[in-house]
Structure formats: C-alpha cells, structure tokens
Amino acid sequence: MKLNLLIISIAPSLAFLMWIYFKDKYEKEPIKFLAKLFFIGILISIPAIAIEDLLLKIKINNEYLNLSYIAFIVAASTEETLKYIVLIGYTLKSKYYTEKLDGIVYSIFITLGFATVENIIYIFYENYLSLLEIGLSRAIIAIPGHIMFAIAMGYYLSIYKFNSKNKNENKINLFKILFIPIILHGIFDFLLMIKTTWATVLFLLYLIYLWKISLDKVDIYTDYARKRFIRLRTRRKRK
C-alpha cells in the first residue's frame, strides 16, 4: 500500500524531469549536477514547511484578505524565495551554465525536488477513498503549476546572466527572477482556494495562459540552444 502511495507521489515529478531533460537535447547538463539540484530542492522543503507553519498562525478576519495572505505570503513568497536563494547560489556561477535553456532546466530540477516532497505529504495524509482524486489533481494541476513558476524563474535568471548590459538593468532582472514567480504562484493559489464558479472559470483560463507563456519561454530558449549548437559546430568544422 505504502509503495503504491510512493509511486503515485513521485511519478508526476519523474515524468516532468524526463520531459525537461530530453528537451535540453543540444548540450545536456551533467546528471550528477542535476541530481544535486533535485536533492537540494528536497532539502528546502524542510525550512519551507517550518516557515509556512509559523506564518499560518497569523489570522486575518476578512476572508479574501486571509486567502490573499495565505496565497501570496505564506505559500508563494516562502517557497519561491527559498528556490530563488538556492538557484542563485548554486547555479549562477556554475561552469555548466553555458546557455539560456540551462536556467530553466536548473530551476525545474530544484522545484521538482521540493514539489515531490510536498506531493508525498499531501498523498500520504489523505484518506484512501480520496487518494485517486488527490493524486490526479496534483499531477495535472499542482505539479505543473510548480513547473510553470520554475520556468519563469529560470527564464529571467538567464536574462540576468546573459543579457544584462548595465547595473540598473541587472537590478531589475534580479528582481524579476523572484517577483514574477511569486505573483504567478500567488494568483494560482488564490484562485484555487476560492470555491466559487467564477473563480474556477478564471482559474482554468489562467492555467491555459500559464501553460502558453511557459511553453513559449521554453521554446524560445530551445531555439536559442539549437542555433548556438549549430554555430559552435560550424566553427569546429572550419577549424
């Protein structure tokens, strides 16, 4: 039984890890380095849980303000800030970080380490009768949500690393790496927590929008990686 729960918990993360790993087909990152990032993502779930439990002790009387607080401060700000610290600290100066798509790959591996632990906690503590429902909803909503926030973080990390031209632009891009995922995450959680028809409709539209802009970002950097690979291969042939 517990083995079945574990498989249900980790299967979505493994599927998405394979997706992004094979998406990076022109200059793959070392598996050892990616495994390290995934493991670090697992580790940051510990302080994330502790911080969120502490913040949840604060109660706001107004329903929507309280939901906003939980969505944007408790969940989004805590989780994305921890991912941001790890991503900046462990990848920005890495010798393996040679192209823009790498930022998205690194961000997703860290995020899925965190999301896997979160998934295990949710599924292991649910009633067996609702297990399938919870497992499916997290596989098609929660895990992809984390990935889309990670894509945004990795996308702006690569802009910061490769495209910054002056100090002011550096500061703006550094801010975007954290701020945009927090906003995307906060809106996602806020709409998901409101149990009304209009919120459900808005959430579905928002989910489609997130997928569109996220996959566009991956495609942009994949195309960049392809062109870079062709340029490097052409230079080698000339030599």
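S13 lies in helix α1, which covers residues 2-23. The structure is a predicted model, in which local features need pLDDT of at least 70, side-chain atom pairs count only at pLDDT 80 or more, and totals for chains, interfaces and linings use all residues. Residues are numbered from 1 along each chain as its sequence is written, and side-chain values use heavy atoms, with hydrogens and water left out.

**Overall organisation**

- Read from the N terminus, the elements of the protein chain follow the order α-α-α-α-α-α-α-α.
- The protein chain has 239 residues, of which 46% count as buried (under 20% relative accessible area; exposed is over 50%, partly exposed in between; 1.4 Å probe, protein chains only).
- Considering contacts (heavy atoms within 4.5 Å) between residues at least 6 apart in sequence, 79% join residues at least 24 apart.

**Helix α1 and residue S13**

- S13 in helix α1 counts as buried because its relative accessibility is 1%.
- When residues up to four places away in sequence are not counted, S13 touches L112, T116 and I143.

**Helix α2**

- Helix α2 spans residues 31-43 and has 13 residues.
- The buried residues of α2 are F33, L34, L37, F38, I40 and G41. They lie on the same side of α2 because they cover an arc (of directions from the helix axis to the C-beta atoms) of only 160 degrees around the axis.
- I31 and K32 are exposed on the other side of α2.
- An α-helix has 3.6 residues a turn, so residues three or four places apart point the same way.

**Helix α3**

- In helix α3, formed by residues 45-55, the buried positions are S45, A48 and E52. These buried residues line one face of α3, since they fall within an arc of 55 degrees when seen down its axis.
- Exposed residues I46 and L54 are carried by the face of α3 turned away from its buried side.

**Helix α5 and residue D102**

- D102 has its place in helix α5, which covers residues 100-124.
- With a relative accessible area of 0%, D102 is buried.
- Neighbours within four places in sequence aside, D102 is in contact with D24, E27, E29, Y96 and Y97.
- D102 and S158 are 56 residues apart in sequence, and their C-alpha atoms are 7.8 Å apart in space.

**Helix α8: residues F203 and I208**

- Helix α8 contains F203, and I208 is also found in α8.
- F203 is buried, with a relative accessible area of 5%, whereas I208 counts as exposed because its relative accessibility is 58%.
- Apart from neighbours within four places in sequence, F203 is in contact with I141, F188, L191 and L192.
- One of these contacts, L191, is twelve residues from F203 along the chain, and a distance of 5.6 Å separates the two C-alpha atoms.

Conventions: Helices (H or I, at least four residues) and strands (E, at least two) are DSSP runs, numbered from the N terminus. The expected span of a helix is 1.5 Å times one less than its number of residues.
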